[in-house]
Amino acid sequence: SNPFEVKVNRQKFNILGRKTKNDVGLPGVSRSKAIRKRTQTLLKEYKERGKANVFKDKRFGEYNTKISPEEKMIRRFALERQQNYGKKNIYNLNEDEELTHYGQSLAEIEKLNDIVDSDSDTEEKGTLSAELTAAHFGGGGGLLRKKASSGHQDEEEEKPKSRKELLEEMIAKSKQEKQERQTRRENALDLTEKLDNEWKEIQTLIARKPPKSKDKEVEKPKPDEYDMIVRELGFEMKAKPSERMKTEEELAKEEQARLQKLEADRLRRMHGIDEEANKKKPSHVSADDLADGFILDKDDRHLLSYKDGKMNLENEDEEKDREEGRRKAEEEEDGKEDNESEEESEEESANEDEEDGAADSHSDLESDLESEEEASGDKEQEKHQINENESQNVEELDPKMKAAKSELPYTFAVPESFETFKSLLAGRPIEQQLTVLERIQKCNHPSLAVGNKAKLEKLVGFLLDYIGELATLDLPELRTIDKLVLPLYNLCQMFPEAACDRIKFILRDAAHDMEEIIEVKGRATLPGLDTLVYLKIISLLFPTSDFWHPVVTPAFIYMSQLLTKCRITTLQDVIKGLFICCLFLEYVSFSRRFVPELINFLLGVLHISLPKKQAQGYAVVHPFTPVGKNLELLLVCDKQDLESWQKQNLPLSTVTGFKESSRTEMNHIRLSCLALCFDLIKKCAALYESLPSFHEIMRPLHTLLIHHVPVKEYPEKLQESYHSALKELEGKVKHYTPLVCEKKKPVPLKQYTPKLVKVLEFGRKQAGSKKEQERKQLIQRHKRELKGAIREIRKDNQFLARTQLSEIMERDSIRKRKVKELLGSLATQEGEWKAMKRKKRE
């Protein structure tokens, strides 16, 4: 190629990301450029394919404390042998294996070469003595020859020194030199310090400064007010950091320790153990104690008196009897003391008996008989006084023991069954029941032990069952249930999954029972008070505004089935249905979800409050029927009952039944149900006022209230409820128009416009539309790019294959060279062996 025909576009600087046109105008040069580019990118990736940018400690057993260091070293050596015994080192025939110990070669360690101490603080660093260089670098032979030649003629005959002796001498000499250098350095420091002190004395003479006169005292300026305030602020107490907030586990442990201490105190008081007696126990006194801290509480000295020529010892005997009785009472209370304290008390009592005997023997006026009689009398008095002391102690402790027994225990274990749980709470007032539940939770917090979580999860089910039992009593304890909701809420917050599963199980059972009754009898009745209480508790424990909830959604469906499938046959059924309507409004108060079963049931309640003649002109949906015997459940015809009625809330306890209720009371309950129905209609109107279909939803209720309800016969309070509900409905109805079908965009008429086709070449035309043209262009471009990508991939594979082949050939050449060397060495050895054998024959 002619170099004058090659055109090169040069670039001064390489800019990252910019496409350059530096191609040379010859095909061979462009190929070399592609190869150079692949060597910079692809070859680099190929060589670094097994590398990583993260350092990982892959030593075997480095962080395993169960393996001993010796076993670690053995396993590491085995792994190293396995790694070396690979494909790469199969043909390395002439390379010996190098043994190491802690990273050092064993061959170098066996040479016993001493390392020069690098920490020695020598002044002349980097210089080595002639003996050291001769010993380490000369192999030791030169030093031995030097020592042997420099000796006297008498020493020439002696044996030369060994290497070890020479090294010891050299070490001793180096230590001596080091000590001399240190002494010289200390002397130099002493001299410099001495010169500094002398310089300070001469410096005052050189400066020629006059000494300060003591008479002239410079008056310091008084501090300014601002300076005084700044200093006061500097000396003020700075804010100290407050104590950190304790974790839940720490609080639980503290609460458990507090309750355990209180329970121990209660048990001690219940068993009659006096705390003050335990505090006043005599401590152990050693033989070397000088009794420096002895304080005399009271004066125990007594005056010596004579009566009828004899010593009067009655007072002393009485006091001794009291002390012995008190001591025996303390020993009975503290029966669990150590053996040392028991031995000391026995020694003290023995010493006191000896002193008593010695005091009695000092009286020379008494005869032997009289002393024996007095001793027997003294023993009887002692027994009598001890019994009196014991009875006094028991009388004092009896009220405390009774109070401790009646007191509520401070620690409780989690009950394993519902019967034990019921026995803990049954017969106690509600305050004590709440205290028992609180102490069970605190003493068995999940953070205190491993199995406490499972035990407290069972407690959730026990508490729900207990609430259900309270609701099924003849006189349901609704106040107690109301108080028990708080601990149930706390448990639900701690264990939401357990509470969720338990309540879902209760709802599943209730729904299954209702379906079975419908299959057998064809109709179902509304559930009891316990199920209604559970539905109310669900709204307190779980969020009711969620779109879907694992507990609230099944409860929502179950309540809607109750309002549609259960027949209304009694007044209790009406009250239960109205209670479920109230729960529905409570559930949807935030989400404003439309409940058609609620509107249908309120329409049915108004239907059963009308006489049979007026029940026409509107539709009634199941479970209410337009014809039947239960049409006039809420109809009140007695004028006296209508006039005497007063508006009041319906108690939930009426759900269980009406015992010994008069006709007037029943009529008042019917009117209260009707008033509640009007209030619920008013709440529904306020809740669903934002719905576009509000008019269609409330139209049946509005028609029934206007045309069929006999308002004039009702009392004044009931008329007020009626008018307020009707006003709420009418005020919202006027603002909305009836629903209409959605308006669609009209379809335009077909227009016959000419079809224009773009002709790009003579005799040929492109595809019909612009989209088809763009699609064809994209297909062609995709084919072109795909071919280019396949071509580049093939070239990359060929480049990598050439690189791998070159590596294999290089390894093969090295292997052949080593094999030739080995064969040559074997041939020489064979020749030498034959020559040696030939010589032996000759």
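## Overall make-up

The chain has 27 helices and four strands. This is a predicted model. The chain runs to 842 residues, and 25% of them count as buried.

## Two helices packed together

Two packed helices are described by the angle between their axes and the distance between the axes. Here the partners are helix H22, residues 596-607, and helix H24, residues 663-687. Their axes lie 10 Å apart, at an angle of about 145 degrees. H22 and H24 cross in a left-handed way.

Which residues make the contact between H22 and H24? From H22 come Leu598, Ile599, Leu602, Val605 and Leu606. From H24 come Leu674, Cys677, Phe678, Leu680, Ile681 and Cys684. The contact of H22 with H24 divides into eleven nonpolar residues, no polar and no charged.

Helix H24 also holds Glu665. Is Glu665 buried, exposed or partly exposed? Glu665 counts as partly exposed, because its relative accessibility is 43%. Trp645 lies 20 residues from Glu665 in sequence. In space the two are 9.1 Å apart, C-alpha to C-alpha.

## Aromatic rings and charges

The count of aromatic pairs comes to seven. One of them joins Phe556 and Tyr587. Their ring centres are 6.5 Å apart, and their planes stand at 45 degrees. That makes the pair tilted. The pair links distant parts of the chain, 31 residues apart. Phe556 sits in helix H20, residues 552-565. Tyr587 belongs to helix H21, residues 571-587.

Are the two partners buried or exposed? Phe556 has a relative accessible area of 14%, so Phe556 is buried. Tyr587 counts as buried too, because its relative accessibility is 1%. Phe556 has a charged neighbour as well: the charged end of Arg593 sits over the Phe556 ring, 5.4 Å from its centre.

Elsewhere, ring pairs join Phe421, Phe462 and Tyr466 into a cluster. Another arginine, Arg49, lies over the face of Tyr46. The distance from Arg49 to the Tyr46 ring centre is 4.1 Å.

Most residues other than glycine have a negative phi, and most peptide bonds are trans. Two places in this chain stand apart from that pattern.

Arg592 lies in the loop between H21 and H22. With a relative accessible area of 41%, Arg592 is partly exposed.

Which residues does a cis peptide bond join? The bond is between His622 and Pro623, and omega is about 15 degrees. Pro623 is found in the loop between H22 and helix H23, the latter spanning 639-644.

## A site on helix H17

Helix H17 covers residues 478-494 and includes Asp482. Asp482 counts as exposed, because its relative accessibility is 56% and the cut-off for exposed is over 50%.

How far is Asp482 from Val533? In sequence, 51 residues separate Asp482 and Val533. In space, they are 9.8 Å apart, C-alpha to C-alpha.

Key: Residues numbered from 1 in each chain as written. Predicted model: local features only at pLDDT ≥ 70, side-chain atom pairs only at ≥ 80, totals over all residues. Heavy atoms only, no water. Phe/Tyr/Trp six-rings, centres within 6.5 Å; stacked < 30°, edge-to-face > 60°. Helix = DSSP H or I, 4+ residues; strand = E, 2+ residues; numbered from the N terminus. Buried < 20%, exposed > 50% of the residue type's maximum accessible area, 1.4 Å probe, protein only. Lys NZ or Arg CZ within 6 Å of the ring centre and 35° of its normal. Axes fitted to C-alpha atoms, helices over the stretch in contact; angles between N-to-C directions. Left-handed = near helix turned anticlockwise from the far one by under 90°. Contact = heavy atoms within 4.5 Å. Nonpolar A, V, L, I, M, F, W, Y, C, P; charged D, E, K, R; others polar.
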